[in-house]
Amino acid sequence: MIKRMLRTRSMRSWVAFSLLLALAPLAVFAALTFQLLDRGVIASYADVSYRMRHQIAPVQLLRLHIQGSVVPVDEYLEDRNPQHANAYRMLRAEIEGEFANLLEALGDDSQIAGLARRSLDDWTEADQAANTLLHTAHPHGDPRLVELLLQYHGRVESAIDKLAAVYRKLDSIVESDYGVASLFYERSLWVLAIAAFVSLLTIIFSVRLISEMLSGSVDRLVEGALKFADGERDHRIEVDVPPELGRVANEFNIMIDRVRASESKLAELARRDPLTGLPNRREFDEALTEMRSRLDRFGERWSILAIDIDHFKAVNDTYGHAAGDQVLKAAATTMQRVLRPYDRLFRTGGEEFTALLPDTGRAGAGEVAERLRSAIERAEIHYRETAIPVTISLGVAVGNREHDDGSLVEAADTALYEAKAGGRNRYVVSGD
Ligand SMILES: Nc1nc2c(ncn2[C@@H]2O[C@H](COP(=O)(O)OP(=O)(O)OP(=O)(O)O)[C@@H](O)[C@H]2O)c(=O)[nH]1
């Protein structure tokens, strides 16, 4: 289904699709990891930090201060120095403030707050006992003083014990918060690892998919280019996926068509004489070989006419080279018109022509030679209003199995030579 969808899209869409495919799992897992870190790790660490600063540290300080508050009271009872009483009062003010802050920080934490409040109750009773001790007139060692002192110490101990219980409970909460944070941190690492793995899989999948879809098209392009290099001109490159490569294939096909057209034009030009438009000597040689093989295979009769314009040099000398060209063209046109459709005329030299006459024996060839001779003699060839009299001489040779290509042409040439020697404007049949 993905392949079918991609087939209609451009290569840019393919890249966008594969990026999306590779990044989508990363994005989803990144959002999941963020949730885990935010809710599990950051929130737990924030809770831990709050408890450390606002609950655990104050509880420890409070324990120290309550413990320390015993010293000025004991010292006062030793020497009745009012400075010790003042030191106690300052410490008490601090302890009261710290209790208030702690209870506020514990807030709704009912069990721990209840413990802290009971510690405050103990401290309040201890403070009352301390106040009585600081105002008592009983001498040192008096049994009532000792009892009051014991009561004071007992309350202080009890307040400290309850604060120690508060500390232990807070410590266990912090411990479990650390546990939760570590668990969530570990999970988020796993999620990230899974994300990276899934992303890698999707990258591999999309790269394979795209290269599979591209490779067929690229192979066809390469195959087309190799065939073109080998000279094959009929091969068409069929690529439509992706559209970009389809356009490359299309342009390539257009280029092949153009090369083929210009090659066949060049080939055609190479086989034609530009002045008269007749096929040239090269074409004649091939036609001769072909004719020869037909003679061998089917026993067909055929003849060859060697044709030469008489005194052509004089035409050039008298009327100019341009007039000579005009005579060549007019002679070619005239002879073409006279020949039968299946006869073939070639310009095989300067003022020399050759005609190949298929299925033509001695008598027929003589007739054609005479028709040509008389047509040229009667033709009115003009150059710039001036009529130029033109005649031709012809040598006729009739092909048979004994002739090879060279000897047949030679025979026609010899006959032509005889026609020239015999006075020109005539034909001679070889062997007559
Ligand atoms: N104008 C023109 N002259 C050409 C062309 N090709 C060859 N010729 C000329 O044709 C003349 C041929 O002269 P020759 O070979 O002496 O033959 P000729 O004058 O026809 O004499 P005979 O063949 O003996 O009758 C030369 O002067 C060439 O320069 C051509 O394409 N155009």
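User: Which residue in β3 is the bridge partner of I307?
Analyst: This is a predicted model, in which local features need pLDDT of at least 70 and side-chain atom pairs count only at pLDDT 80 or more, while totals for chains, interfaces and linings use all residues. Residues are numbered from 1 along each chain as its sequence is written, and side-chain values use heavy atoms, with hydrogens and water left out. Strand β3 (residues 352–358) pairs with β1 in the antiparallel sense over seven bridges, where a strand is a DSSP run of E with at least two residues, a helix is a run of H or I with at least four, both being numbered from the N terminus, and two strands pair if DSSP finds at least two bridges between them. Within this pairing, the partner that I307 meets in β3 is F353.

User: How many residues of β1 are buried?
Analyst: In a regular strand the side chains alternate between the two faces of the sheet, so each face can be looked at in turn. On one side of β1 lie W302, I304, A306 and D308, on the other S303, L305, I307 and I309, and all of them are buried, that is, under 20% relative accessible area, with over 50% called exposed and values in between partly exposed (1.4 Å probe, protein chains only). The strand is therefore mostly covered, and the buried count is eight of its eight residues.

User: Why is strand β6 (residues 392–398) described as largely enclosed by the rest of the structure?
Analyst: Strand β6 is joined to β1 (residues 302–309) by seven bridges in an antiparallel arrangement, with A397 as the partner of I304 and G395 as the partner of A306. With strand β7 (residues 427–429), β6 pairs in the parallel sense over three bridges, one of them linking L394 to Y427. Both faces of β6 are covered, by I392, L394, V396 and V398 on one side and S393, G395 and A397 on the other. The strand is called largely enclosed because its count of buried residues is seven of seven.

User: Is K420 buried or exposed?
Analyst: K420 is found in helix α11 (residues 405–421). Not counting residues up to four places away in sequence, K420 touches D308, I309, D310 and S393, a contact being heavy atoms within 4.5 Å. Since its relative accessibility is 16%, K420 counts as buried.

User: How far apart are the end C-alpha atoms of helix α3 (residues 82–106)?
Analyst: The expected span of a helix is 1.5 Å times one less than its number of residues. For the 25 residues of α3 this gives 36 Å, which agrees with the separation of its end C-alpha atoms, 36 Å.

User: Against which helices do the buried residues of α3 pack?
Analyst: The buried residues of α3 include Y88, L91, I95, F99 and L102. R92 also belongs to α3 and is buried, with a relative accessible area of 18%; leaving aside neighbours within four places in sequence, R92 is in contact with W123, D127 and N131. Taken together, the helices against which the buried residues of α3 pack are α2 (11–79), α4 (110–135) and α5 (143–229).

User: What separates the C-alpha atoms of A249 and L221?
Analyst: A249 is found in helix α6 (residues 243–271) and counts as buried because its relative accessibility is 0%. Leaving aside neighbours within four places in sequence, A249 is in contact with L221, I237 and V239. A249 and L221 are 28 residues apart along the chain, yet their C-alpha atoms are separated by 6.6 Å.
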